[in-house]
Amino acid sequence: MSSSEARRIRLILEYDGTSYSGWQRQINAPSVQQTLEEKLSRLLGEAVSVTGSSRTDAGVHALCQNVHFDTTSRIPGDKFAFALNTLLPDDIRVRESMDAPPDFHARFSATGKVYRYAIQNTRHAPAVDRLTHAHVPLPLNVDRMDVAAQAMVGYHDFGAFAAAGSVVRDTRRTIYRVKVYRHAERVYLLVHGDGFLYNMVRILAGTLIGIGNGKLPPAALSRAIETGDRLDLGMTAPARGLTLLRVFYGDDEKAAVYFDV
């Protein structure tokens with residue numbers, strides 16, 4: 001087949017990031033991207049490069065990592081999920097596969113993302129959810145956390161929330177909505193924005209934990225946005241509590257139901 005016959009395929013992945021160095025291919029450590037590319041190349045008999053919507057960090061999970069790649073294969077778009085799931089390890093699954101328009105780009109076409117940070121707020125650490133929930137033994141004042149989190153909403157320079165060594169030039173982002181709520185012994189943070197800096201949500205979560213247990217003032221977030229000083233914020237929360245929950249394209253942000261809890 002000629003290169004002019006290439007088509008673009010979109011995948012929606014779910015993965016447990018515990019065993020991986022993150023989404024992005026690494027030189028000396030396994031990544032989700034590398035694993036997917038290897039299985040795709042085996043399936044198609046040709047080298048395949050994939051692009052993801054988010055570069056999730058080591059240990060971070062995803063329920064809807066969007067991916068695109070180009071291929072001359074005639075496999076129907078909706079059949080890629082079935083074929084790949086017979087090859088992929090149990091901690092990576094293709095939830096959906098489909099043909100995509102040639103101009104669809106998993107990363108640059110995205111208009112927004114929702115991340116969730118999950119906390120087990122009990123005296124003793126959990127066994128069952130230890131890989132997907134951070135553990136905080138001290139009581140958390142969820143109402144205080146939620147009120148403080150609203151300082152994030154809007155278009156701001158979030159330079160204070162960028163991890164050390166980050167090389168991004170523009171640290172301005174728009175946060176559309178933030179919510180902190182409790183469900184029994186678990187506390188959840190949901191944050192919806194047009195984009196996020198490296199470790200931004202984990203730094204936000206760590207700061208809110210400090211506000212919730214009284215070790216940080218409620219104004220810590222608003223002060224950090226004003227000063228741009230990382231020292232005004234709390235710890236970087238553990239990666240295991242973070243999940244990429246949703247990636248939006250076009251007008252489908254109107255279907256955001258994750259905040260209706």
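**Briefing: cores, salt bridges and overall build**

Leaving aside neighbours within four places in sequence, Phe161 is in contact (heavy atoms within 4.5 Å) with Met152, Tyr198, Asn199, Met200, Ile203, Leu204, Leu221, Ala224, Ile225 and Leu233. This is a predicted model, in which local features need pLDDT of at least 70, side-chain atom pairs count only at pLDDT 80 or more, and totals for chains, interfaces and linings use all residues. Residues are numbered from 1 along each chain as its sequence is written, and side-chain values use heavy atoms, with hydrogens and water left out.

**Nonpolar cores**

- A nonpolar core is a set of buried Ala, Val, Leu, Ile, Met, Phe, Trp, Tyr and Cys residues joined through side-chain atoms within 4.5 Å.
- Buried means under 20% relative accessible area, exposed over 50%, and partly exposed in between, with a 1.4 Å probe and protein chains only.
- The largest nonpolar core has 70 residues, and those with the most contacts inside it are Leu11, Leu36, Met152, Phe161 and Leu208.
- Helix α4 (residues 200–212) gives the most to this core, contributing eight residues.
- Tyr181, Tyr188, Leu190 and Leu245 are among the seven residues of a second, separate core.

**Val180**

- Val180 is found in strand β8 (residues 172–183) and counts as buried, at 5% relative accessibility.
- Apart from neighbours within four places in sequence, Val180 is in contact with Val142, Met145, Asp146, Ala149, Val187, Tyr188, Leu189 and Leu208.
- Val180 and Arg116 are 64 residues apart in sequence, and their C-alpha atoms are 9.7 Å apart in space.

**Salt bridges**

- Side chains of opposite charge can pair when their charged atoms come close.
- A salt bridge here is a side-chain nitrogen of Lys or Arg within 4 Å of a carboxyl oxygen of Asp or Glu.
- A search of the whole structure finds nine salt bridges.
- One of them joins Asp99 and Arg7, with the closest N and O atoms 2.7 Å apart. Asp99 lies in strand β4 (residues 92–100) and Arg7 in strand β1 (residues 7–15), so this pair ties together parts that are 92 residues apart in sequence. Asp99 is partly exposed at 46% relative accessibility, whereas Arg7 is buried at 14%.
- Glu14 and Arg95 also meet in a salt bridge, at 3.9 Å from N to O. Glu14 lies in strand β1 and Arg95 in strand β4, so the pair ties together parts 81 residues apart in sequence. Glu14 is partly exposed, with a relative accessible area of 34%, and Arg95 is partly exposed at 47%.
- The side chains of Arg25 and Glu37 form a salt bridge of 2.7 Å, N to O. Arg25 is in the loop between β1 and α1 (32–44) and Glu37 is in helix α1, twelve residues apart. Arg25 counts as partly exposed at 41% relative accessibility, and Glu37 as buried at 6%.

**Overall build**

- The protein has five helices and ten strands, which are DSSP runs numbered from the N terminus (helices: H or I, at least four residues; strands: E, at least two).
- The radius of gyration, taken over C-alpha atoms, is 19 Å, close to the 18 Å that the globule rule gives for 261 residues, so the protein is as compact as a globular protein of that length. The globule rule is 2.2 Å times the number of residues to the power 0.38.
- The C-alpha trace spans about 65 × 40 × 35 Å along its principal axes.
- Of the 261 residues, 50% are buried.
- Among contacts between residues at least 6 apart in sequence, 69% join residues at least 24 apart.
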